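The following paragraphs lead the reader through selected features of a predicted model.

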Amino acid sequence: MYYIGLDIGSSSVKVALVEAVTGKCIGSLHEPPNEMKIQAPEQDWAEQDPDLWWTYVCKAIQRIIKETKIASEKIQAIGISYQMHGLVVVDKDGNSIRPSIIWCDSRAVEIGKKAYAQLGHEYCATHLLNAPGNFTASKLKWVRDHEPDVYERIHKFMLPGDYIAYKLTGEITTTPNGLSEGTLWDYAQEGVATRLLDHYAIDPDLTPDLVDNFKDQGKVHAQASQETGLPKGISITYRSGDQPNNALALNVLKPGQVAVTGGTSGVIYAVTNGLKFDEIHKVNQFAHVNYTEEHPVVGRLLNINGAGIQYRWLKQSTAATSYDYMNKKAAEVAIGANGLVVLPFGNGAERMFDNRTIGTQIAHLNLNQHQNGHLYRATLEGIAFAFVYGMRLLKRDHTHIEVIRAGDDNLFRSAIFSDTVATLIGQEIEMYHTTGAIGAARAAGITDADFDHFEASNSSNDHVHTYVPLANSNAYEEAYQRWKKQLEINLRKT
């Protein structure tokens, strides 16, 4: 028997099949072959058609059943991971009535800022654990203000994963964890954040019914079975936003554990059981996948926009043949890149710097000394230093770090990058071979909140390598302090 996992991203839909008993992945793929398009009708907007996600969900499921040659009736349950913070709105017939305003759309920034000023820090910190920011609630307020005819037709609002669950089951539901991603959950009252909705003049009845993360969330109906190839009547038993799900895939479930990702952007996702934070402007707090009222486990998400995109730009700009080539050239250069400093923040505003746009900077370049290898090393170190800066910020703000885990498919595969982070933080970095779709598939089989069994079985299956802090950290710390000094100069200018 098998479980199937879906990961609904903004670039593609990923799907994975795992054995129900062992958790072993027997197949994974994505649709479409190239990235899905993101529409930008105006500057800083980002939209996608929710029905496009559904089209690729159907194609991906059909493909994986065909390519793995399993009998579809052996699939027992479905897990769903999805891009966070998006807004989908449907009418009374369940039809999407405007494109989804997705996670990287920033049209509602000012709405969130104004709400924070009016509601006050105390309410936001104790009830929402966040400033309202540019999250789902603020995007819905934007629709109300700027598209009143659309707002009047809304029957329910949803997150992207809720919409796919609806297409599979015909039931419009969401989770407390999902609502927390949109600043729509009140932690103090353990319910929908009605005060924020009232402040935004949004009808609370537009909120879908609530279901638990790891319970039966609806069964595949006949039409969805026909369109996907899934058996009619099997249940969705798990749903989560992509970053909490990535953490679960890496067995990051307990306070002190941290999941890190170094893709186009970088993410530090630290699990804690505290509910008091100072830096709600710089770090986001969400109910983790195993959050309950009795055991409030929260994921602290610190995002670094400028990460892998900086290294990718450098690869293209220097016409490097591969990342392996770049890493080898970087390894020929000493720690600190002979004084060369790279600030890797050229991918928009950075939340951990109060949403200031820092930009990318290459500083102290000596044309007589520095070659491509120095640029490669300084860039890897610069991105690593940004992670270290973020982790030290988290540590200062009531977050304990014991274990750091990363997937074996991003910047953390670079020894220079991982050695730099591990040495400066003083923590091992455990590497695992897993993906969000695999994590969602495995999570579909979690019953009775048996996370200990889930963690033990998946850790033994997936562990690839561990980076250990190097004994002599002096050269790393000197290079970091030089980088930080340059950063502080730039911060004073912005």
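In this predicted model, E147 and R98 are both buried. They form a salt bridge with each other, in which the closest N and O atoms lie 2.7 Å apart. Because E147 belongs to the loop between helix 4 (136–146) and helix 5 (148–153), and R98 to the loop between strand 6 (88–90) and strand 7 (100–101), the pair ties together parts that are 49 residues apart in sequence. The two residues also take part in a network of salt bridges that links E47, R98, D105, R107 and E147.

By contrast, K92 and D93 are both exposed; in their salt bridge the closest N and O atoms are 3.9 Å apart. The count for the model comes to 21 salt bridges.

Helix 13 also packs against helix 14 (residues 415–425), at an angle of about 30° and with the axes 9 Å apart. Angles under 35 degrees count as roughly parallel, and the two helices are therefore roughly parallel to each other. The crossing of helix 13 past helix 14 is right-handed.

The loop between strand 19 (359–363) and helix 13 (372–396) contains L365. This residue is partly exposed, its relative accessible area being 45%. Together with W313, I362 and L367, L365 makes a nonpolar surface patch of about 430 Å².

Conventions: Residues are numbered from 1 along each chain as its sequence is written. This is a predicted model: local features need pLDDT of at least 70, side-chain atom pairs count only at pLDDT 80 or more; totals for chains, interfaces and linings use all residues. Side-chain values use heavy atoms; hydrogens and water are left out. Patches are made of residues with over 30% relative accessible area and no salt bridge: like charges are joined within 9 Å, nonpolar side chains (Val, Leu, Ile, Met, Phe, Trp, Tyr) within 5 Å. Accessible areas come from the Shrake-Rupley method with a 1.4 Å probe; for residues, only the protein chains shown count as cover. A salt bridge is a side-chain nitrogen of Lys or Arg within 4 Å of a carboxyl oxygen of Asp or Glu. Helices (H or I, at least four residues) and strands (E, at least two) are DSSP runs, numbered from the N terminus. Buried means under 20% relative accessible area, exposed over 50%, partly exposed in between (1.4 Å probe, protein chains only). Axes are lines fitted to C-alpha atoms, for helices over the stretch in contact, and angles run from 0 to 180 degrees between N-to-C directions. Angles under 35 degrees count as roughly parallel, over 145 as roughly antiparallel, 65 to 115 as roughly perpendicular and the rest as oblique. A crossing is left-handed if the near helix is turned anticlockwise from the far one by less than a right angle, and right-handed if clockwise.
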